[in-house]
Amino acid sequence: MTLHFTPVWFIAVPLLLAFLAPLWVRWRLLMPVLFSAQVALFVLALSWLPTVRIAPILETIVIAPPLGIHLHLDAIALLLVALFSFAGAIVSAFIWLDNGAAHLRERPAFILMLLLIAGSNGMVLTGDIFNLYVFIEIVGVSAYALAAIRRDKTALEAGLKYVIVGSVAAIFILFAIVLLYLQTGQLNIAALAQAFGNMPAQMQLLIGLLMLIGLSIKAELFPFNFWVPDIYRGSDPEITALYSGVLVKAFLFVLFHLTFILLADPTVARNWLMALGAITMIVAELVALRQNDLRRMLAYSSLGQVGLITLALAFASEATTAGALFHMVNHTLIKVLLFLLAALMLRQYASLKLTDVHGLSRTMPLAAGLFVLGALAVLGLPPFSGFISKLWILKGFADVQTFWPVALILTAALIEAGYYFRWIRVFYAPTDALPMAKIEGEKTLNYAPLLVIAGLLIVLGVAPFLLEDWLQQAAQALLGREALLNAVLGVQP
Amino acid sequence: MLEVLELFDRPAVLHSIYLIGSLILFFIGLYGLLAKRHLLKIFVSIEIMELAVYLILIAIATTPGETAPILSDGFTAFTSMSDPIPQALTLTAIVIGVAVTALGTSMAIQYHRLTGKVSVGEMTELKD
Amino acid sequence: MSRRLPLRKRFRVHTLLLIALCGWLLMLHLTLLLNHGLDAPSNGVGDLYLARNSETASANAVTTVVVSYRGFDTLGEVTVLFLAATGIGMLFAGGLGATPALRDRNNHPNEVMVTGTRLLFPALLLLGVYIVLHGHLSPGGGFQGGVIVATAFFLRMIADPKFNLDHAQLGWVESFAGSGFVLFGMLGLVFVTTASFLGNFLPHPVAAMGQLVSAGVIPLIYLLVGIKVGAEIGAIFQDMLEADHDTPVSARAAEEL
């Protein structure tokens with residue numbers, strides 16, 4: 001009898017911990033368990049790095065692929081799992097140290113947050129398309145419930161909107177999966193990839209469109225992202241940090257993973273997806289200029305970055321893909337930082353309208369400082385890691401003489417600078433009013449997780465070579481259709 | 001008369017009928033989703049669309065003449081039985097659909113209790 | 001129709017446009033699917049499952065797929081239900097300004113209901129348990145049986161306003177069943193003979209196929225699924241009943257519907 005460490009642990013352990021929730025309630029251990037689970041999974045992911053570097057791990061469940069479900073841990077899956085666990089650890093540490101939001105430290109929130117991250121891990125690990133649907137629903141249901149967890153009018157409205165839009169997206173995805181099964185008789189993604197080219201062209205188009213609509217709704221791409229700002233505005237900022245940092249990244253990965261695997265020639269979809277990304281980016285950045293609520297502004301800014309990542313991933317060259325993956329990591333870190341800051345500010349100010357936060361820097365100097373840091377990182381200024389990732393993306397485009405995305409990305413960065421500095425100016429505006437009294441429970445300890453992120457942003461900006469090899473391998477894994485097909489289908493039971 | 005009935009036993013004819021029916025259901029659901037504003041009607045529409053997808057899966061994957069994939073009543077081998085996968089998938093999908101709808105309706109009930117509103121058109125809390 | 005409305009008031013343009021859009025999409029899908037999508041998948045994984053099914057010694061191939069070959073999906077599915085039950089419990093938990101509305105004790109259910117429930121309750125319970133336990137032999141299984149058991153309790157709740165399921169106890173039952181499922185999966189990982197999550201590590205001789213004790217872990221896992229589904233659906237029913245109280249607003253909602 002031996003106990004193997006396998007990729008199943010990334011899913012099975014959180015599930016077990018969530019099912020055992022009554023125990024943690026009785027022992028008053030909810031938050032420690034949530035936090036240490038994420039930290040443990042993060043450490044586990046890092047400890048696997050040397051193994052995965054050599055060859056991806058293929059974990060068979062019950063019956064070998066292409067018959068059964070399998071989990072596929074390659075460089076990109078490992079990168080995302082590590083990223084999700086890290087973001088989860090930061091957010092749970094923040095909630096644990098925080099004295100405010102009690103509803104986020106109860107049993108439902110514990111279960112929902114744990115399984116949101118476990119579901120995202122499942123989405124990037126699974127190699128079976130119906131299993132993917134199940135994980136999409138796990139992530140979906142926990143996200144819907146988390147949106148409404150505050151149970152007041154705004155939260156319920158956000159939750160309702162999310163449920164409706166999310167389940168419609170899920171239906172489109174399910175329809176595409178059903179058609180795929182009826183056409184090919186396969187459910188394993190690698191086996192589907194082999195059979196996909198033999199389907200009638202119109203059928204491929206229909207399945208592709210259904211999948212694209214479903215996943216674009218979930219991954220917040222234009223024009224299917226009309227619902228996003230409302231939900232980011234209505235939910236707790238701690239939760240939206242998870243949406244923007246974890247959920248969207250998982251769906252982006254699924255979108256591009258399926259595109260690169262199913263299509264033998266991804267250039268068919270390249271122009272479509274690049275256009276989608278570019279429009280998402282420009283429209284979101286322009287709308288963000290006009291936002292007078294911090295959370296809406298951050299939501300649109302998040303959409304803009306998602307557009308940028310889509311634009312770079314869709315180009316399907318190794319250089320831009322590596323840059324886009326690095327930007328994914330950075331964006332997760334930055335948005336977690338900014339949304340958690342918004343949570344702290346919301347506690348102090350009750351409203352985050354532009355007119356209500358004048359002179360915030362005098363009341364919360366550390367928060368304002370960290371906001372500036374996050375804004376500079378998202379704009380892509382040195383020495384922050386956002387600079388390096390944007391540089392890689394731009395370089396990737398410029399190396400192959402494609403200049404229109406470069407121009408668009410730079411324009412978007414300019415617009416971004418416009419609205420971030422508008423907010424920073426308001427934060428540092430001189431006011432006659434005395435600094436507000438600190439509300440009860442505000443501690444410097446609250447900032448500890450945020451300072452960790454800030455440190456990481458600088459470290460990755462100064463020393464990007466720490467991640468460079470990993471990101472290169474991740475990009476190769478995402479683009480390497482042949483390698484994946486060989487790895488999965490070469491192994492016979 | 002009998003020839004007409006036999007016609008219906010041909011997989012292509014039977015599958016066409018199932019397909020037409022379920023697709024009509026799907027688009028009735030889509031129409032409801034786009035046209036109706038009442039929260040519960042929206043959830044009903046979503047359910048109809050979902051059921052249409054399950055129907056397509058089950059109906060087309062089963063050819064007339066196949067039996068349920070269960071060994072009983074004298075069957076001794078798993079031959080000429082219908083494909084078990086669509087049935088398993090549908091079982092899974094139904095449970096998931098029920099869960100999502102239950103959550104959605106609960107939110108609608110709670111939202112209505114708090115605000116007295118029942119229509120998505122009246123949801124304005126989040127607009128600035 | 002005594003009153004004649006102008007045509008444009010009877011049919012709004014908006015509605016007509018939507019109908020046209022949906023109809024057009026329907027035609028598009030129909031032409032596509034009728035031309036290409038009519039054949040059942042041949043030589044897909046389903047046939048291979050059927051061919052290999054006897055090795056699991058479960059007489060019901062659907063159950064084999066649900067619990068063993070695609071057991072990971074089922075674990076996820078149970079999780080989705082668990083999440084929804086958690087979410088609903090969270091939504092309807094006490095608070096919200098008013099105290100949780102107690103069910104109206106004066107509103108007695110009628111005699112037919114009460115007597116009928118007394119008659120049906122044991123039968124339903126028995127049927128549910130039977131369906132769960134025979135999941136690997138006959139149609140049905142943990143989900144179906146679990147829902148029937150929950151329905152039996154739901155009938156009790158409607159017929160007897162004083163009958164309540166204890167949420168805390170349900171939580172423990174659910175927790176036991178859910179973690180049991182995961183632990184079974186991990187045991188499959190631990191044993192060298194299977195070395196795979198959810199592997200069938202108990203002996204499952206093919207000769208025993210069709211008997212109640214056969215197919216190794218499959219009936220055990222399905223039993224746990226049944227318990228979990230029953231507890232979760234029961235909890236959802238209980239939550240919704242507690243939430244049910246008459247206010248003038250809900251009458252208005254019914255009218256608008």
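The legends below describe close-up views of a predicted model. In this predicted model, local features need pLDDT of at least 70 and side-chain atom pairs count only at pLDDT 80 or more, whereas totals for chains, interfaces and linings use all residues. Residues are numbered from 1 along each chain as its sequence is written, and chains are lettered from A, with ligands numbered from 1, in the order in which they are written.

**View 1. The fold of chain A.** Chain A has 22 helices and 2 strands; helices (H or I, at least four residues) and strands (E, at least two) are DSSP runs, numbered from the N terminus. The radius of gyration of chain A, 22 Å, is close to the 23 Å of the globule rule for 493 residues, so chain A is as compact as a globular protein of that length. This radius is taken over C-alpha atoms, and the rule is 2.2 Å times the number of residues to the power 0.38. Along the principal axes, the C-alpha atoms of chain A fill a box of roughly 70 × 60 × 40 Å. Of the 493 residues, 64% count as buried (20 or more other C-beta atoms within 10 Å of the residue's own, with C-beta atoms placed from the backbone).

**View 2. The side of chain A that touches chain C.** Here 49 residues of chain A are in contact with 46 residues of chain C; contact requires C-beta atoms, placed from the backbone, to lie within 7 Å. The elements of chain A that give two or more residues to this side include strand E1 (57-61), helix H6 (107-125) and helix H8 (153-184). The largest share, 9 residues, comes from H7(A). By class, this side of chain A has 35 nonpolar, 12 polar and 2 charged residues. Ala, Val, Leu, Ile, Met, Phe, Trp, Tyr, Cys and Pro count as nonpolar, Asp, Glu, Lys and Arg as charged, and the others, Gly among them, as polar.

**View 3. The side of chain C that touches chain B.** In this view, 49 residues of chain C are in contact with 45 residues of chain B. Among the helices of chain C that each supply at least two residues are H2 (13-36), H5 (71-92) and H9 (218-243). This side of chain C divides into 34 nonpolar, 11 polar and 4 charged residues.

**View 4. Two packed helices of chain B.** Helix H3 (residues 39-61) and helix H4 (residues 84-115) of chain B pack at about 180 degrees, with their axes 10 Å apart. H3(B) is therefore roughly antiparallel to H4(B) (an angle over 145 degrees). Axes are lines fitted to C-alpha atoms over the stretch in contact, and angles run from 0 to 180 degrees between N-to-C directions. Residues of H3(B) in this contact include B:Phe43 and B:Tyr54, and those of H4(B) include B:Ile94 and B:Gly97.

Terms used:
Two residues are in contact if their C-beta atoms, placed from the backbone, lie within 7 Å. A residue is buried if 20 or more other C-beta atoms lie within 10 Å of its own, exposed if 12 or fewer, and partly exposed in between; C-beta atoms are placed from the backbone. Angles under 35 degrees count as roughly parallel, over 145 as roughly antiparallel, 65 to 115 as roughly perpendicular and the rest as oblique.
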